[in-house]
Amino acid sequence: MGYECIVIGAGIQGSFTAYHLAKNNKKTLLLEQFVLPHSRGSSHGQTRIIRKAYEDDFYIHMLEESYELWVQLEHEAGVKLYRQTGLLLMGPENAEDLQLIKNSMQRNKVPSVVLERHEFSQHIPSVNLTSGNEAIVETSAGILYADRALRAVQTVFQSHGGEIKDGEKVINIEPGDVITVTTDSGTYQAKNLVITAGPWAKTLLSHTGLQLPLKVLKINVCYWKEKVPGTYSIKNRFPCFIQLQPKEAQHDIYGLPSNEYPGLMKVSILDNNCDITETWQASNDFVELNLLFPPGFSPLAKASIWSETEPDERDRQKDRRDIDALSSYISCCFPGLVPVPAVEESCMYTVTPDKHFVLDRHPAYSNIVIGAGFSGHGFKFGPVVGKVLCELSMGQNPSYDLSPFSIQRFRANPE
Ligand SMILES: Cc1cc2nc3c(=O)[nH]c(=O)nc-3n(C[C@H](O)[C@H](O)[C@H](O)COP(=O)(O)OP(=O)(O)OC[C@H]3O[C@@H](n4cnc5c(N)ncnc54)[C@H](O)[C@@H]3O)c2cc1C
Ligand SMILES: O=C(O)[C@@H]1CCCCN1
């Protein structure tokens, strides 16, 4: 029995693609290697940030629709998926990335409030603003309930006639006018295929003869205990935050208000778009990042903050340098937290050299569509990513200019 479309990978991107296909009356099969729900890819966990604080207008435009589609899913599934908390963005005055974000927010009329240094502690008493930093709050940002969202989108997909087969790993793909997909327990055929395999994208694409510059990084996700429970909680109206660091630090820090584990706040590290591109060609085991801290922080010279990993072997990676860097930051700026992580979890980023996604057709097979390389910031875009991958798969013109997300951009001499 053939399908109009098979989607490989039931993370947030594949699930939303399948959802849109089924809503367009396409007979769709969603294949997932693990039994659902699982925590071995990139879409698990209770929360993700949704924000419009981006440097690029195209992300902000996509997010405008994404917010609407999240609300639509809330109505369809009858569950609450979004909670407005605001996003506190802190960074060195006149830092280029902060200025670019501020400018694009202003250009796109993203609701925000500048917190002057003298009024900062009155509004956010539990955070020490680093000297020489400025702060801005994006008021409409918030959190998405990730696990709940994944369940909701899969349920609505099934209610539109979509079929999910979990616990079935795809082991081969034979391209053609009719594509044959072989799993460890069956063979399926379809006119179209969408590959949204997260950290396993490289392995799956190799069956189609395509190599993309994707790196899989293991991320330590840490939760820190509040000295006084509730200090940084959603109930106390504490926002999500992103701390931009000086360029030389090559990593930024972010956090979400305490919510999922009562009394514990999630604070982790993110890279700040610097030198991953430069180290791309290096065949070392780590992405080399030079860490440099603002005054008061313990300097760590030329440390590797994230381990590159094989997605099936991430638990073997035990690098802790990012945790040391976080402890220093927390001691300095979040005095209400115990600077030793209470819970450590892990997740994976699949990053492209420029941190923009891959949303494109396969260069050799136009009936194979690829969604990959979400580079640690793709969850919030799920509804729109699913929509454009569905449009590409149905042979329609996509609703957005997808040139920032093209495969062509990785070619040494793009035509
Ligand atoms: C710690 C962390 C924090 C993040 N924070 C944010 C945030 O605040 N805001 C935000 O917007 N984004 C955030 N992200 C990014 C976001 O979560 C990811 O971009 C997104 O979840 C990627 O989804 P995906 O569907 O591409 O991948 P995945 O969720 O990994 O899904 C891919 C699926 O494909 C399946 N698969 C792979 N190979 C096969 C095969 N051979 N056969 C069958 N199935 C297969 C996998 O098992 C997996 O379920 C964060 C990510 C991490 C790790
Ligand atoms: O996509 C986001 O908004 C977050 C920012 C912090 C790092 C993880 N991703």
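Is the crossing of H1 and H8 left-handed or right-handed? I looked, and the crossing of H1 and H8 is right-handed. I had to check the term first: a crossing is left-handed if the near helix is turned anticlockwise from the far one by less than a right angle, and right-handed if clockwise.

**Ground rules**

I am working with a predicted model, where local features need pLDDT of at least 70, side-chain atom pairs count only at pLDDT 80 or more, and totals for chains, interfaces and linings use all residues. Residues are numbered from 1 along each chain as its sequence is written, while chains are lettered from A and ligands numbered from 1 in the order in which they are written.

I noted that helices (H or I, at least four residues) and strands (E, at least two) are DSSP runs, numbered from the N terminus.

**Entry 1: H1 with H8**

I found that H1 and helix H8 (residues 382-393) pack at an angle of about 55 degrees, and their axes are 7 Å apart. Here axes are lines fitted to C-alpha atoms, for helices over the stretch in contact, and angles run from 0 to 180 degrees between N-to-C directions. H1 and H8 are therefore oblique to each other. I wrote down the scale: angles under 35 degrees count as roughly parallel, over 145 as roughly antiparallel, 65 to 115 as roughly perpendicular and the rest as oblique.

From H1, the contact uses residues including Ile12, Phe16 and His20, and from H8 residues including Val385, Leu389 and Ser393. Contact means that the C-beta atoms of two residues, placed from the backbone, lie within 7 Å. I sorted the contact of H1 with H8 into eight nonpolar, six polar and one charged residues. For this sorting, Ala, Val, Leu, Ile, Met, Phe, Trp, Tyr, Cys and Pro count as nonpolar, Asp, Glu, Lys and Arg as charged, and the others, Gly among them, as polar.

**Entry 2: H1 with H5**

Next I followed H1 to H5, where the axes come within 8 Å and cross at roughly 25 degrees. That makes H1 roughly parallel to H5. I saw that this crossing of H1 and H5 is left-handed. Among the residues in contact are Ser15, Ala18 and Ala22 of H1 and Ala149, Leu150 and Phe157 of H5. The contact of H1 with H5 has 10 nonpolar, two polar and no charged residues.

**Entry 3: H2 with H5**

I then turned to helix H2 (residues 57-77) and helix H5 (residues 146-159), whose axes come within 10 Å and cross at roughly 65 degrees. That makes H2 roughly perpendicular to H5. The crossing of H2 and H5 is left-handed. H2 brings Leu73, Glu76 and Ala77, and H5 brings Ala152, Val153, Thr155 and Val156.

I looked up the division of the protein: domain 1 (3-47 + 146-213 + 354-410) and domain 2 (87-139 + 215-351). These bounds come from an automatic or database domain assignment. In the contact I found 17 residues from domain 1 and 14 residues from domain 2.

Where does ligand 1 lie? Domain 1 and domain 2 both give residues to the shell around ligand 1, so it lies between them. Of the 35 residues around ligand 1, Gly9, Gly11, Gly41, Gly198 and Gly378 come nearest. A residue counts as near a molecule or strand if its C-beta atom, placed from the backbone, lies within 6 Å of it. The shell around ligand 1 splits into 18 nonpolar, 13 polar and four charged residues.

Around ligand 2 I listed Ile49, Arg51, Ile242, Tyr254, Leu270, Gly376 and His377. That shell has four nonpolar, two polar and one charged residues.

I also spotted a cis peptide bond joining Leu36 and Pro37, with omega about -10 degrees. Pro37 sits in the loop between strand S2 (28-31) and S3. Arg237 is not a glycine, yet it has a positive phi of about 60 degrees. I found Arg237 in the loop between S13 and strand S14 (240-243).
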